[in-house]
Amino acid sequence: MKLSYEQVIGERLRRQRLLAPIESPDDEPEYLELFKLLQPVAAVHNTRPGDPPRLVHRTLFDDDGLAGKLRERNAIIKGRFCGGRIGYVLQEDLERYAVAFRKPLAKAKPIHDDILTVLKTSGGLSKEQLKQELEGYPAGEISKALQALQEAFLVYEHQPDTDWDTGWFDFATEWFEIQADGGRYAQAVSEVLHSFIQAMVFATEAHIKSWSQLPAKAIRQGIAALVEGGRIVTTEMEGIGEGFVCAKDAEGLVPSDIPPCVFMLDKSDFLVRAHMDELQRRYKGYEVLQFLLIDGAFQGAVLGHWRIGPHDVEDILVELPPDQAERRQEEILDAVRKIYSSESHNIVMYNGKPL
């Protein structure tokens with residue numbers, strides 16, 4: 001079986017709600033369904049560490065408010081997934097994602113034991129309070145140890161709002177103790193990979209590696225288990241090569257027209273993460289602010305040096321035939337200006353030509 005570009009990309013854009021965004025913050029069930037599909041969901045790249053996660057371009061409203069409410073009532077939980085990156089998952093799925101993505105401590109140090117002891121006996125502390133309790137350790141060493149413990153799902157950072165001084169707690173006390181069981185790990189990885197393939201519609205092993213940052217062996221074993229269980233099938237996509245599709249999609253994908261569309265996606269976006277290894281190779285040497293998804297494929301990048309506060313967009317690099325790049329210039333500029341408004345950001349060039 002071979003899938004066409006129109007089958008895969010048309011369904012991917014539809015399924016991820018890029019072509020039909022969620023209309024209202026009152027549509028919470030729809031929002032949670034999409035959040036579940038695209039989790040772990042991160043805040044926009046290069047924003048405040050305490051900002052809530054965002055489903056950028058997939059809602060017709062600013063979803064900061066809805067995501068903030070979900071976070072406040074612990075419907076979505078903060079953790080480190082996909083190679084240690086901060087993200088949020090639904091509380092009901094926390095165990096699966098924690099087991100799949102946890103990075104056990106290679107070697108427990110005294111500072112790790114001391115932090116866990118203080119958090120267990122105190123019932124939870126802010127980082128500043130923790131620094132006061134552990135006076136013998138430099139602040140940087142405490143921060144580094146907290147990150148390692150968070151990646152191991154031994155501590156939990158409670159982030160109910162945008163406050164930077166969050167509470168830190170013993171993970172097992174707040175949620176559950178993760179059992180170091182090989183079978184459970186393999187099952188959790190398979191479940192996570194199945195959800196990813198469902199969201200992508202079609203995914204290669206390279207997509208899976210780029211997004212998940214899991215060890216190659218774990219990915220291969222997870223894929224093998226899904227194929228053996230009949231949950232995914234191996235197939236080909238024209239122009240891409242061999243990959244995987246969920247069994248329920250194998251015969252049901254219908255080619256659909258892909259309307260002209262341009263989305264600027266930041267480095268935390270689900271689709272960017274799935275293509276990040278490829279994008280880093282393609283744009284090596286460039287200072288990339290965001291990437292351009294044009295008609296469902298990454299075909300451009302927004303270049304410049306990020307700063308806190310107003311900064312210029314130095315260039316918009318578009319990988320389209322010259323006539324198409326020129327014809328669609330205003331459409332692409334409009335997509336960029338949705339974030340980099342003319343009031344705060346000057347766009348210097350388009351495809352190397354001064355504006």
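1. Glu72 counts as exposed, because its relative accessibility is 57% and the cut-off for that class is over 50%. In this predicted model, Glu72 is placed in helix H3, which covers residues 64–72, and Glu72 also belongs to a negative surface patch, whose other members are Asp161, Asp163 and Asp165.

2. The loop between H3 and S2 holds Asn74, a residue that has a positive phi of about 65° although it is not a glycine. Asn74 counts as partly exposed, because its relative accessibility is 22%, and the buried class would require a value under 20%.

3. Strand S2 (residues 76–81) pairs with strand S3 (residues 85–90) in the antiparallel sense, and the pairing runs over six bridges. Phe81 stands opposite Arg85 in S3, and the hairpin of S2 and S3 has three residues between the strands, with Cys82 taking a positive phi near 50°.

4. Pro40 lies in the loop between helix H2, residues 28–38, and H3.

5. The loop between helix H9 (182–200) and helix H10 (205–212) contains Val201, which has a positive phi of about 75° although it is not a glycine.

6. The salt bridges in the model come to a count of 20. One of them joins Glu278 to Arg282, with the closest N and O atoms 2.8 Å apart, and both residues lie in helix H12 (residues 270–282), where they are four residues apart, about one turn of the helix. Glu278 is partly exposed because its relative accessible area is 30%, and Arg282 is partly exposed with a relative accessible area of 30%.

7. Arg282 also takes part in a salt bridge with the side chain of Glu319, at 2.9 Å from N to O. This pair links distant parts of the chain, since Glu319 is in the loop between strand S12 (315–318) and helix H13 (322–327) while Arg282 is in helix H12, and the two are 37 residues apart. Glu319 is partly exposed, because its relative accessible area is 38%.

8. Arg328 and Glu331 meet through their side chains in a salt bridge of 2.8 Å, N to O. The two partners fall into separate accessibility classes: Arg328 counts as buried because its relative accessibility is 6%, whereas Glu331 counts as partly exposed because its relative accessibility is 28%.

9. A network of salt bridges links Glu11, Arg14, Arg15 and Asp249.

Methods. Residues numbered from 1 in each chain as written. Predicted model: local features only at pLDDT ≥ 70, side-chain atom pairs only at ≥ 80, totals over all residues. Heavy atoms only, no water. Patch = residues over 30% accessible without salt bridge, like charges linked within 9 Å, V, L, I, M, F, W, Y side chains within 5 Å. Areas by Shrake-Rupley, 256 points an atom, 1.4 Å probe, with all protein chains shown as cover. Salt bridge = Lys/Arg side-chain N within 4 Å of Asp/Glu carboxyl O. Lys, Arg positive; Asp, Glu negative; His and termini not counted. Charge placed at Lys NZ, Arg CZ, Asp CG, Glu CD. Buried < 20%, exposed > 50% of the residue type's maximum accessible area, 1.4 Å probe, protein only. Pairing = 2+ DSSP bridges.
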